[in-house]
Number of protein chains: 2
Amino acid sequence: MTHPAAPLNHFDLDQAVALHSTALGHYQGATQAAWQNMVGPFGGITAATMMQAIMQHPQLLGLPVSLTVNFCAGVAEGAFDIVARPARTNRSTQHWMVEMLQNGEVVTSATAVTAIRRSTWSSDETVMPNVPPPEAVERKVFAPMPWVQRFEMRPIVGELPLVWDGRESESLSRLWARDGQARAVDFVSLTAISDLFFPRVFLRRATRVPIGTVSMTVYFHVGLSELQAVGSGFVLGQARAQRFFNGFFDHSAQLWSQAGTLLATTHQVVYYKE
Amino acid sequence: MTHPAAPLNHFDLDQAVALHSTALGHYQGATQAAWQNMVGPFGGITAATMMQAIMQHPQLLGLPVSLTVNFCAGVAEGAFDIVARPARTNRSTQHWMVEMLQNGEVVTSATAVTAIRRSTWSSDETVMPNVPPPEAVERKVFAPMPWVQRFEMRPIVGELPLVWDGRESESLSRLWARDGQARAVDFVSLTAISDLFFPRVFLRRATRVPIGTVSMTVYFHVGLSELQAVGSGFVLGQARAQRFFNGFFDHSAQLWSQAGTLLATTHQVVYYKE
(Lines give C-alpha, C1' and ligand atoms only; values in the text may rest on other atoms or scores of the structure.)
Protein backbone atom coordinates (compact mmCIF):
# COMPACT_ATOMS: atom_id res chain seq x y z
CA MET A 1 0.00 0.00 0.00
CA THR A 2 2.97 2.36 -0.42
CA HIS A 3 2.65 4.65 -3.44
CA PRO A 4 3.40 2.49 -6.49
CA ALA A 5 5.92 4.96 -7.89
CA ALA A 6 7.70 5.51 -4.55
CA PRO A 7 10.81 3.58 -3.55
CA LEU A 8 10.25 1.32 -0.53
CA ASN A 9 11.78 3.64 2.03
CA HIS A 10 10.60 6.91 0.58
CA PHE A 11 8.67 7.64 3.76
CA ASP A 12 10.10 8.40 7.21
CA LEU A 13 7.92 5.67 8.69
CA ASP A 14 9.20 3.01 6.31
CA GLN A 15 12.80 3.98 7.07
CA ALA A 16 12.18 3.48 10.79
CA VAL A 17 10.54 0.06 10.48
CA ALA A 18 12.90 -1.29 7.78
CA LEU A 19 14.07 -4.76 8.84
CA HIS A 20 16.77 -6.88 7.25
CA SER A 21 15.99 -10.59 7.61
CA THR A 22 19.02 -12.72 8.49
CA ALA A 23 17.13 -16.01 9.00
CA LEU A 24 13.50 -17.11 9.26
CA GLY A 25 11.94 -14.73 11.83
CA HIS A 26 15.28 -13.07 12.65
CA TYR A 27 15.72 -9.42 11.76
CA GLN A 28 18.09 -6.52 12.18
CA GLY A 29 17.03 -2.89 12.31
CA ALA A 30 18.16 0.45 13.72
CA THR A 31 16.57 3.39 15.51
CA GLN A 32 16.15 6.59 13.47
CA ALA A 33 16.84 10.11 14.72
CA ALA A 34 13.66 11.34 13.02
CA TRP A 35 11.57 9.27 15.46
CA GLN A 36 13.26 10.18 18.73
CA ASN A 37 11.21 11.06 21.80
CA MET A 38 12.55 12.74 24.96
CA VAL A 39 14.59 9.63 25.76
CA GLY A 40 14.84 6.88 23.12
CA PRO A 41 12.49 6.34 20.19
CA PHE A 42 8.75 7.10 20.21
CA GLY A 43 6.98 4.02 21.61
CA GLY A 44 4.59 3.98 18.66
CA ILE A 45 7.43 3.48 16.18
CA THR A 46 8.86 0.66 18.31
CA ALA A 47 5.42 -0.97 18.36
CA ALA A 48 5.11 -0.46 14.59
CA THR A 49 8.49 -2.13 14.10
CA MET A 50 7.31 -5.18 16.09
CA MET A 51 4.25 -5.30 13.81
CA GLN A 52 6.48 -5.01 10.74
CA ALA A 53 8.41 -8.11 11.87
CA ILE A 54 5.13 -10.04 11.75
CA MET A 55 3.90 -8.51 8.49
CA GLN A 56 7.03 -9.47 6.56
CA HIS A 57 7.33 -12.96 8.12
CA PRO A 58 7.01 -15.64 5.40
CA GLN A 59 4.71 -17.77 7.61
CA LEU A 60 2.17 -14.98 8.29
CA LEU A 61 -1.44 -16.18 8.21
CA GLY A 62 -4.05 -13.48 7.64
CA LEU A 63 -3.95 -9.94 8.97
CA PRO A 64 -3.63 -8.37 12.43
CA VAL A 65 -6.48 -8.67 14.93
CA SER A 66 -4.62 -7.74 18.12
CA LEU A 67 -1.17 -6.64 19.24
CA THR A 68 0.22 -6.16 22.74
CA VAL A 69 3.60 -4.50 23.10
CA ASN A 70 5.50 -4.40 26.39
CA PHE A 71 8.14 -1.71 26.74
CA CYS A 72 10.56 -3.66 28.93
CA ALA A 73 13.47 -1.22 28.92
CA GLY A 74 14.59 1.92 27.11
CA VAL A 75 15.57 1.27 23.49
CA ALA A 76 19.09 2.66 23.01
CA GLU A 77 20.08 4.61 19.90
CA GLY A 78 21.42 2.28 17.21
CA ALA A 79 20.99 -1.30 16.07
CA PHE A 80 18.54 -3.85 17.42
CA ASP A 81 17.60 -7.46 16.68
CA ILE A 82 14.05 -8.79 16.44
CA VAL A 83 12.98 -12.41 16.71
CA ALA A 84 9.40 -13.20 15.66
CA ARG A 85 7.83 -16.64 15.75
CA PRO A 86 4.34 -18.03 15.31
CA ALA A 87 3.73 -19.75 18.66
CA ARG A 88 0.63 -21.45 17.32
CA THR A 89 -0.94 -21.62 13.87
CA ASN A 90 -4.57 -22.73 13.62
CA ARG A 91 -6.79 -23.03 10.58
CA SER A 92 -7.73 -19.35 10.47
CA THR A 93 -5.85 -17.73 13.40
CA GLN A 94 -2.20 -17.43 14.32
CA HIS A 95 -0.54 -16.43 17.62
CA TRP A 96 2.77 -14.57 17.61
CA MET A 97 5.62 -13.97 20.06
CA VAL A 98 8.05 -11.18 19.17
CA GLU A 99 11.09 -9.91 21.05
CA MET A 100 13.36 -6.95 20.35
CA LEU A 101 16.87 -7.32 21.74
CA GLN A 102 19.85 -5.06 22.22
CA ASN A 103 23.15 -6.54 23.44
CA GLY A 104 21.34 -9.84 23.92
CA GLU A 105 18.81 -8.39 26.37
CA VAL A 106 15.07 -8.04 25.77
CA VAL A 107 14.08 -4.38 25.46
CA THR A 108 10.60 -4.88 23.96
CA SER A 109 8.29 -7.91 23.86
CA ALA A 110 5.04 -8.42 22.01
CA THR A 111 2.30 -10.93 21.36
CA ALA A 112 -0.13 -10.70 18.48
CA VAL A 113 -3.03 -12.50 16.88
CA THR A 114 -3.48 -12.54 13.13
CA ALA A 115 -6.44 -14.09 11.35
CA ILE A 116 -8.09 -14.75 8.04
CA ARG A 117 -11.41 -12.91 8.35
CA ARG A 118 -14.64 -14.01 6.76
CA SER A 119 -17.51 -11.73 5.82
CA THR A 120 -20.02 -11.74 8.69
CA TRP A 121 -22.65 -9.55 10.28
CA SER A 122 -20.73 -6.46 11.40
CA SER A 123 -21.67 -3.41 13.43
CA ASP A 124 -20.19 -0.37 15.15
CA GLU A 125 -21.26 0.26 18.72
CA THR A 126 -18.91 3.07 19.74
CA VAL A 127 -19.82 5.71 17.18
CA MET A 128 -17.59 8.60 16.18
CA PRO A 129 -18.25 11.77 18.18
CA ASN A 130 -19.59 14.80 16.37
CA VAL A 131 -16.54 16.95 15.59
CA PRO A 132 -15.62 19.60 13.03
CA PRO A 133 -13.87 18.29 9.88
CA PRO A 134 -10.03 18.37 9.76
CA GLU A 135 -9.90 21.39 7.44
CA ALA A 136 -11.83 23.41 10.04
CA VAL A 137 -9.29 22.61 12.76
CA GLU A 138 -5.89 24.26 13.04
CA ARG A 139 -2.72 22.18 12.71
CA LYS A 140 -0.51 22.31 15.81
CA VAL A 141 2.81 20.86 16.91
CA PHE A 142 2.45 20.15 20.61
CA ALA A 143 6.07 19.48 21.46
CA PRO A 144 9.57 19.83 19.95
CA MET A 145 10.50 16.11 19.95
CA PRO A 146 11.34 14.79 16.46
CA TRP A 147 8.59 12.13 16.36
CA VAL A 148 5.86 14.74 16.88
CA GLN A 149 6.86 16.32 13.54
CA ARG A 150 6.28 12.99 11.80
CA PHE A 151 2.51 13.43 12.15
CA GLU A 152 0.09 16.10 11.10
CA MET A 153 -2.08 16.67 14.18
CA ARG A 154 -5.14 18.89 14.44
CA PRO A 155 -6.31 18.93 18.07
CA ILE A 156 -10.03 19.48 18.69
CA VAL A 157 -10.33 19.16 22.47
CA GLY A 158 -7.94 18.22 25.27
CA GLU A 159 -4.71 19.85 24.14
CA LEU A 160 -1.66 20.05 26.37
CA PRO A 161 -2.31 22.62 29.12
CA LEU A 162 -1.23 26.16 28.24
CA VAL A 163 -0.60 26.85 31.91
CA TRP A 164 0.99 24.16 34.09
CA ASP A 165 -0.83 25.23 37.24
CA GLY A 166 -1.71 21.82 38.70
CA ARG A 167 -5.42 22.42 38.14
CA GLU A 168 -7.14 19.06 37.69
CA SER A 169 -9.44 18.47 34.74
CA GLU A 170 -10.71 15.51 32.74
CA SER A 171 -8.22 13.81 30.44
CA LEU A 172 -10.32 13.50 27.26
CA SER A 173 -8.54 14.40 24.00
CA ARG A 174 -9.83 14.35 20.45
CA LEU A 175 -7.70 15.15 17.42
CA TRP A 176 -7.41 14.57 13.70
CA ALA A 177 -4.11 12.99 12.76
CA ARG A 178 -2.32 11.53 9.77
CA ASP A 179 1.15 10.71 8.61
CA GLY A 180 3.12 13.94 8.08
CA GLN A 181 4.12 12.84 4.58
CA ALA A 182 0.61 11.65 3.74
CA ARG A 183 1.81 8.03 3.58
CA ALA A 184 -1.25 5.80 3.16
CA VAL A 185 -2.29 4.04 6.36
CA ASP A 186 -1.60 0.33 6.81
CA PHE A 187 -1.43 -1.98 9.83
CA VAL A 188 2.11 -0.84 10.61
CA SER A 189 1.33 2.89 10.58
CA LEU A 190 -1.99 2.35 12.38
CA THR A 191 0.05 0.76 15.16
CA ALA A 192 2.24 3.88 15.35
CA ILE A 193 -0.79 6.20 15.29
CA SER A 194 -2.29 4.22 18.21
CA ASP A 195 0.43 5.65 20.47
CA LEU A 196 0.33 9.32 19.45
CA PHE A 197 -1.69 10.58 22.43
CA PHE A 198 0.50 12.56 24.84
CA PRO A 199 0.37 11.24 28.43
CA ARG A 200 -3.09 11.67 29.99
CA VAL A 201 -1.51 12.60 33.31
CA PHE A 202 -0.19 15.84 31.79
CA LEU A 203 -3.73 16.87 30.87
CA ARG A 204 -5.41 15.55 34.00
CA ARG A 205 -3.03 17.27 36.43
CA ALA A 206 -1.68 20.18 34.41
CA THR A 207 1.65 19.06 35.84
CA ARG A 208 4.66 17.64 34.00
CA VAL A 209 6.00 14.44 35.55
CA PRO A 210 8.33 11.75 34.18
CA ILE A 211 6.31 9.05 32.38
CA GLY A 212 6.74 5.96 30.22
CA THR A 213 4.29 3.54 28.63
CA VAL A 214 4.85 0.02 29.99
CA SER A 215 2.29 -1.92 27.94
CA MET A 216 0.02 -1.13 25.01
CA THR A 217 -2.64 -3.17 23.23
CA VAL A 218 -4.22 -2.48 19.84
CA TYR A 219 -7.31 -4.26 18.49
CA PHE A 220 -7.65 -3.89 14.72
CA HIS A 221 -11.21 -3.73 13.39
CA VAL A 222 -10.62 -3.57 9.63
CA GLY A 223 -9.38 -5.51 6.66
CA LEU A 224 -7.25 -4.35 3.75
CA SER A 225 -10.06 -2.75 1.76
CA GLU A 226 -11.22 -0.64 4.73
CA LEU A 227 -7.65 0.63 5.19
CA GLN A 228 -7.28 1.32 1.48
CA ALA A 229 -10.46 3.42 1.69
CA VAL A 230 -8.72 5.61 4.30
CA GLY A 231 -5.63 6.05 2.16
CA SER A 232 -3.71 9.10 3.33
CA GLY A 233 -6.80 10.62 4.93
CA PHE A 234 -7.15 11.80 8.49
CA VAL A 235 -7.92 9.56 11.44
CA LEU A 236 -9.91 10.83 14.42
CA GLY A 237 -8.26 9.83 17.67
CA GLN A 238 -9.96 9.94 21.05
CA ALA A 239 -8.32 9.00 24.35
CA ARG A 240 -9.28 9.18 28.00
CA ALA A 241 -7.70 7.88 31.21
CA GLN A 242 -9.67 5.63 33.53
CA ARG A 243 -7.63 5.53 36.74
CA PHE A 244 -4.34 6.92 38.08
CA PHE A 245 -3.01 4.95 41.05
CA ASN A 246 0.37 4.96 42.79
CA GLY A 247 2.58 5.34 39.76
CA PHE A 248 0.53 3.87 36.91
CA PHE A 249 -2.47 5.02 34.90
CA ASP A 250 -4.33 3.53 31.96
CA HIS A 251 -6.01 5.10 28.99
CA SER A 252 -8.55 3.80 26.55
CA ALA A 253 -8.67 5.15 22.99
CA GLN A 254 -10.42 4.87 19.64
CA LEU A 255 -9.31 5.63 16.07
CA TRP A 256 -11.95 6.33 13.42
CA SER A 257 -11.61 7.08 9.72
CA GLN A 258 -13.09 10.37 8.58
CA ALA A 259 -15.94 8.31 7.08
CA GLY A 260 -16.75 7.05 10.59
CA THR A 261 -15.29 3.51 10.50
CA LEU A 262 -13.82 2.46 13.84
CA LEU A 263 -10.41 1.31 12.59
CA ALA A 264 -8.85 0.36 15.91
CA THR A 265 -9.37 0.50 19.65
CA THR A 266 -6.31 0.76 21.86
CA HIS A 267 -5.39 0.77 25.52
CA GLN A 268 -2.23 1.38 27.45
CA VAL A 269 -0.85 1.48 30.94
CA VAL A 270 1.72 4.16 31.68
CA TYR A 271 4.20 4.69 34.50
CA TYR A 272 4.28 8.13 36.11
CA LYS A 273 6.42 9.54 38.87
CA GLU A 274 5.26 11.65 41.85
CA MET B 1 -5.42 -13.53 51.65
CA THR B 2 -7.15 -16.92 51.96
CA HIS B 3 -8.98 -17.38 55.25
CA PRO B 4 -6.31 -18.10 57.88
CA ALA B 5 -8.12 -21.21 59.16
CA ALA B 6 -8.82 -22.64 55.68
CA PRO B 7 -6.55 -25.23 54.04
CA LEU B 8 -4.83 -23.91 50.93
CA ASN B 9 -7.22 -25.48 48.42
CA HIS B 10 -10.40 -25.07 50.41
CA PHE B 11 -11.86 -22.95 47.62
CA ASP B 12 -12.82 -24.07 44.10
CA LEU B 13 -10.71 -21.27 42.65
CA ASP B 14 -7.58 -22.33 44.51
CA GLN B 15 -8.04 -25.92 43.37
CA ALA B 16 -8.18 -24.81 39.75
CA VAL B 17 -5.06 -22.62 39.88
CA ALA B 18 -2.98 -24.98 42.05
CA LEU B 19 0.46 -25.40 40.45
CA HIS B 20 3.20 -27.82 41.39
CA SER B 21 6.64 -26.38 40.72
CA THR B 22 9.09 -28.85 39.18
CA ALA B 23 11.93 -26.37 38.56
CA LEU B 24 12.38 -22.60 38.67
CA GLY B 25 9.46 -21.21 36.64
CA HIS B 26 8.26 -24.67 35.56
CA TYR B 27 4.89 -25.85 36.81
CA GLN B 28 2.37 -28.64 36.41
CA GLY B 29 -1.38 -28.24 36.86
CA ALA B 30 -4.64 -29.76 35.67
CA THR B 31 -8.02 -28.53 34.48
CA GLN B 32 -10.94 -28.93 36.91
CA ALA B 33 -14.44 -30.10 35.99
CA ALA B 34 -15.91 -27.40 38.25
CA TRP B 35 -14.57 -24.69 35.92
CA GLN B 36 -15.62 -26.13 32.55
CA ASN B 37 -17.25 -23.93 29.93
CA MET B 38 -19.12 -25.17 26.82
CA VAL B 39 -15.86 -26.52 25.40
CA GLY B 40 -12.78 -26.60 27.63
CA PRO B 41 -12.21 -24.54 30.77
CA PHE B 42 -13.56 -21.01 31.37
CA GLY B 43 -11.03 -18.58 29.88
CA GLY B 44 -10.97 -16.58 33.11
CA ILE B 45 -9.67 -19.54 35.09
CA THR B 46 -6.99 -20.18 32.47
CA ALA B 47 -5.97 -16.52 32.72
CA ALA B 48 -6.00 -16.75 36.53
CA THR B 49 -3.74 -19.82 36.33
CA MET B 50 -1.24 -17.89 34.18
CA MET B 51 -1.30 -15.14 36.84
CA GLN B 52 -0.80 -17.72 39.59
CA ALA B 53 2.39 -18.92 37.85
CA ILE B 54 3.76 -15.39 38.19
CA MET B 55 2.51 -14.84 41.75
CA GLN B 56 4.25 -17.94 43.10
CA HIS B 57 7.48 -17.43 41.11
CA PRO B 58 10.41 -16.95 43.53
CA GLN B 59 11.81 -14.08 41.44
CA LEU B 60 8.59 -12.03 41.43
CA LEU B 61 9.19 -8.29 41.86
CA GLY B 62 6.21 -6.29 43.10
CA LEU B 63 2.57 -6.86 42.18
CA PRO B 64 0.62 -7.05 38.91
CA VAL B 65 0.10 -3.93 36.82
CA SER B 66 -0.94 -5.54 33.53
CA LEU B 67 -1.60 -8.98 32.08
CA THR B 68 -2.33 -10.01 28.49
CA VAL B 69 -3.47 -13.58 27.87
CA ASN B 70 -3.71 -15.07 24.39
CA PHE B 71 -5.95 -18.08 23.98
CA CYS B 72 -3.96 -19.85 21.28
CA ALA B 73 -5.89 -23.13 21.18
CA GLY B 74 -8.50 -25.00 23.17
CA VAL B 75 -7.20 -26.25 26.52
CA ALA B 76 -7.93 -30.00 26.68
CA GLU B 77 -9.23 -31.66 29.81
CA GLY B 78 -6.39 -32.88 32.01
CA ALA B 79 -2.81 -31.96 32.79
CA PHE B 80 -0.89 -28.94 31.50
CA ASP B 81 2.57 -27.46 31.94
CA ILE B 82 3.35 -23.79 32.50
CA VAL B 83 6.67 -22.07 31.96
CA ALA B 84 7.01 -18.55 33.39
CA ARG B 85 10.11 -16.38 33.11
CA PRO B 86 10.95 -12.78 33.87
CA ALA B 87 12.06 -11.50 30.45
CA ARG B 88 13.41 -8.32 32.02
CA THR B 89 13.79 -7.15 35.60
CA ASN B 90 14.33 -3.45 36.20
CA ARG B 91 14.70 -1.56 39.48
CA SER B 92 10.95 -1.32 40.14
CA THR B 93 9.26 -3.10 37.19
CA GLN B 94 9.45 -6.62 35.82
CA HIS B 95 8.28 -8.03 32.46
CA TRP B 96 7.01 -11.61 32.21
CA MET B 97 6.55 -14.21 29.51
CA VAL B 98 4.34 -17.17 30.35
CA GLU B 99 3.33 -20.17 28.24
CA MET B 100 0.89 -23.00 28.97
CA LEU B 101 1.64 -26.20 27.07
CA GLN B 102 -0.16 -29.47 26.45
CA ASN B 103 1.66 -32.28 24.60
CA GLY B 104 4.51 -29.85 24.02
CA GLU B 105 2.35 -27.35 22.12
CA VAL B 106 1.49 -23.82 23.26
CA VAL B 107 -2.21 -23.55 24.13
CA THR B 108 -2.07 -20.23 26.02
CA SER B 109 0.52 -17.45 26.09
CA ALA B 110 0.76 -14.40 28.29
CA THR B 111 2.84 -11.36 29.01
CA ALA B 112 2.62 -9.36 32.21
CA VAL B 113 4.13 -6.39 33.97
CA THR B 114 4.62 -6.37 37.73
CA ALA B 115 5.91 -3.42 39.70
CA ILE B 116 6.73 -2.07 43.11
CA ARG B 117 4.37 0.87 43.48
CA ARG B 118 5.12 4.04 45.36
CA SER B 119 2.58 6.33 46.95
CA THR B 120 1.78 9.11 44.48
CA TRP B 121 -1.00 11.48 43.52
CA SER B 122 -3.87 9.19 42.51
CA SER B 123 -7.29 9.80 41.00
CA ASP B 124 -10.25 8.01 39.47
CA GLU B 125 -11.52 9.37 36.19
CA THR B 126 -14.04 6.69 35.17
CA VAL B 127 -16.42 6.81 38.11
CA MET B 128 -18.75 4.00 39.12
CA PRO B 129 -22.22 4.32 37.61
CA ASN B 130 -25.15 4.87 39.92
CA VAL B 131 -26.65 1.41 40.52
CA PRO B 132 -28.73 -0.26 43.24
CA PRO B 133 -26.73 -2.10 45.93
CA PRO B 134 -26.17 -5.87 45.53
CA GLU B 135 -28.77 -6.81 48.16
CA ALA B 136 -31.43 -4.96 46.11
CA VAL B 137 -30.62 -7.00 42.99
CA GLU B 138 -31.72 -10.58 42.42
CA ARG B 139 -29.13 -13.35 42.07
CA LYS B 140 -29.33 -15.17 38.74
CA VAL B 141 -27.52 -18.05 37.04
CA PHE B 142 -27.40 -17.14 33.36
CA ALA B 143 -26.27 -20.46 31.95
CA PRO B 144 -25.82 -24.10 32.99
CA MET B 145 -22.05 -24.39 32.42
CA PRO B 146 -20.14 -25.36 35.60
CA TRP B 147 -17.98 -22.21 35.77
CA VAL B 148 -21.04 -19.95 35.92
CA GLN B 149 -21.97 -21.59 39.25
CA ARG B 150 -18.56 -20.62 40.67
CA PHE B 151 -19.66 -16.99 40.89
CA GLU B 152 -22.51 -15.22 42.57
CA MET B 153 -23.85 -12.83 39.90
CA ARG B 154 -26.54 -10.20 40.31
CA PRO B 155 -27.27 -8.64 36.92
CA ILE B 156 -28.49 -5.04 36.88
CA VAL B 157 -28.74 -4.25 33.16
CA GLY B 158 -27.84 -6.10 29.98
CA GLU B 159 -28.74 -9.68 30.84
CA LEU B 160 -28.78 -12.43 28.25
CA PRO B 161 -31.76 -11.93 25.92
CA LEU B 162 -34.92 -13.70 27.06
CA VAL B 163 -36.00 -14.02 23.44
CA TRP B 164 -33.40 -14.85 20.77
CA ASP B 165 -35.18 -12.91 18.07
CA GLY B 166 -32.21 -11.26 16.36
CA ARG B 167 -33.33 -7.81 17.46
CA GLU B 168 -30.25 -5.58 17.74
CA SER B 169 -29.63 -3.58 20.90
CA GLU B 170 -26.67 -2.02 22.70
CA SER B 171 -24.27 -4.42 24.41
CA LEU B 172 -23.87 -2.69 27.79
CA SER B 173 -24.02 -4.98 30.85
CA ARG B 174 -23.70 -4.11 34.53
CA LEU B 175 -23.72 -6.68 37.31
CA TRP B 176 -22.59 -7.30 40.87
CA ALA B 177 -20.38 -10.37 41.16
CA ARG B 178 -18.25 -12.20 43.68
CA ASP B 179 -16.72 -15.59 44.25
CA GLY B 180 -19.49 -18.13 44.87
CA GLN B 181 -17.77 -19.33 48.04
CA ALA B 182 -17.06 -15.78 49.22
CA ARG B 183 -13.31 -16.33 48.78
CA ALA B 184 -11.57 -12.99 49.35
CA VAL B 185 -10.46 -11.29 46.14
CA ASP B 186 -6.78 -11.24 45.19
CA PHE B 187 -4.92 -10.64 41.92
CA VAL B 188 -5.56 -14.22 40.79
CA SER B 189 -9.33 -14.12 41.36
CA LEU B 190 -9.59 -10.57 40.00
CA THR B 191 -8.08 -11.96 36.78
CA ALA B 192 -10.82 -14.64 36.65
CA ILE B 193 -13.56 -12.09 37.40
CA SER B 194 -12.26 -9.94 34.52
CA ASP B 195 -13.53 -12.58 32.09
CA LEU B 196 -16.99 -13.26 33.52
CA PHE B 197 -18.96 -11.17 31.02
CA PHE B 198 -20.86 -13.37 28.57
CA PRO B 199 -20.10 -12.60 24.90
CA ARG B 200 -21.30 -9.12 23.92
CA VAL B 201 -22.40 -10.44 20.52
CA PHE B 202 -25.16 -12.48 22.22
CA LEU B 203 -26.61 -9.32 23.73
CA ARG B 204 -26.03 -7.09 20.73
CA ARG B 205 -27.65 -9.43 18.21
CA ALA B 206 -30.01 -11.51 20.36
CA THR B 207 -28.55 -14.40 18.36
CA ARG B 208 -26.42 -17.30 19.59
CA VAL B 209 -23.30 -17.85 17.52
CA PRO B 210 -20.11 -19.80 18.23
CA ILE B 211 -17.56 -17.53 19.96
CA GLY B 212 -14.16 -17.69 21.65
CA THR B 213 -11.97 -15.04 23.29
CA VAL B 214 -8.64 -14.80 21.46
CA SER B 215 -6.86 -12.19 23.59
CA MET B 216 -7.61 -10.45 26.88
CA THR B 217 -5.79 -7.70 28.76
CA VAL B 218 -6.26 -6.66 32.39
CA TYR B 219 -4.84 -3.49 33.95
CA PHE B 220 -4.72 -3.65 37.74
CA HIS B 221 -5.27 -0.37 39.57
CA VAL B 222 -4.83 -1.40 43.20
CA GLY B 223 -2.31 -2.62 45.73
CA LEU B 224 -2.71 -5.25 48.45
CA SER B 225 -4.44 -3.02 50.97
CA GLU B 226 -7.10 -1.92 48.46
CA LEU B 227 -7.84 -5.58 47.64
CA GLN B 228 -7.94 -6.49 51.33
CA ALA B 229 -10.53 -3.74 51.80
CA VAL B 230 -12.74 -5.52 49.24
CA GLY B 231 -12.38 -8.88 50.98
CA SER B 232 -15.22 -11.16 49.91
CA GLY B 233 -17.42 -8.21 48.96
CA PHE B 234 -19.12 -7.67 45.62
CA VAL B 235 -17.47 -6.17 42.57
CA LEU B 236 -19.44 -4.11 40.06
CA GLY B 237 -18.64 -5.18 36.51
CA GLN B 238 -19.49 -3.13 33.43
CA ALA B 239 -18.76 -4.20 29.85
CA ARG B 240 -19.58 -2.86 26.41
CA ALA B 241 -18.52 -3.80 22.91
CA GLN B 242 -16.95 -1.20 20.62
CA ARG B 243 -16.97 -2.82 17.19
CA PHE B 244 -17.99 -6.11 15.57
CA PHE B 245 -16.25 -6.72 12.24
CA ASN B 246 -15.95 -9.82 10.07
CA GLY B 247 -15.55 -12.40 12.76
CA PHE B 248 -14.05 -10.46 15.69
CA PHE B 249 -15.39 -7.97 18.22
CA ASP B 250 -13.83 -6.24 21.20
CA HIS B 251 -15.22 -5.22 24.53
CA SER B 252 -14.01 -2.76 27.12
CA ALA B 253 -14.87 -3.32 30.80
CA GLN B 254 -14.40 -1.95 34.30
CA LEU B 255 -14.49 -3.57 37.75
CA TRP B 256 -15.22 -1.43 40.80
CA SER B 257 -15.39 -2.33 44.47
CA GLN B 258 -18.68 -1.58 46.19
CA ALA B 259 -16.94 1.37 47.83
CA GLY B 260 -16.31 2.79 44.33
CA THR B 261 -12.62 2.01 43.81
CA LEU B 262 -11.80 1.14 40.19
CA LEU B 263 -9.95 -2.13 40.83
CA ALA B 264 -9.24 -3.10 37.22
CA THR B 265 -9.97 -2.18 33.63
CA THR B 266 -10.03 -4.96 31.07
CA HIS B 267 -10.40 -5.45 27.34
CA GLN B 268 -10.74 -8.43 25.10
CA VAL B 269 -11.12 -9.39 21.47
CA VAL B 270 -13.42 -12.28 20.70
CA TYR B 271 -13.91 -14.48 17.64
CA TYR B 272 -17.48 -14.97 16.47
CA LYS B 273 -18.91 -17.01 13.61
CA GLU B 274 -21.56 -15.94 11.09
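**The interface of chain A and chain B**

Nine salt bridges are counted between chain A and chain B, a salt bridge being a side-chain nitrogen of Lys or Arg within 4 Å of a carboxyl oxygen of Asp or Glu. One of them joins B:Arg204 to A:Glu125, with the closest N and O atoms 3.3 Å apart. This is a predicted model, in which local features need pLDDT of at least 70 and side-chain atom pairs count only at pLDDT 80 or more, while totals for chains, interfaces and linings use all residues. Residues are numbered from 1 along each chain as its sequence is written, chains are lettered from A in the order in which they are written, and side-chain values use heavy atoms, with hydrogens and water left out.

The contact (heavy atoms within 4.5 Å) takes 68 residues from chain A and 68 residues from chain B. Together the chains bury about 5,900 Å², 51% of it on carbon and sulfur atoms; this is the accessible area (1.4 Å probe) lost on putting the two parts together, summed over both.

Strand pairing also crosses between the chains. Strand S11 (residues 235-245) of chain A and strand S7 (residues 123-124) of chain B run antiparallel and are joined by two bridges; strands are DSSP runs (E, at least two residues), numbered from the N terminus, and two of them pair if DSSP finds at least two bridges between them. Here A:Arg243 stands opposite B:Asp124.

Methods
Helix = DSSP H or I, 4+ residues; strand = E, 2+ residues; numbered from the N terminus.
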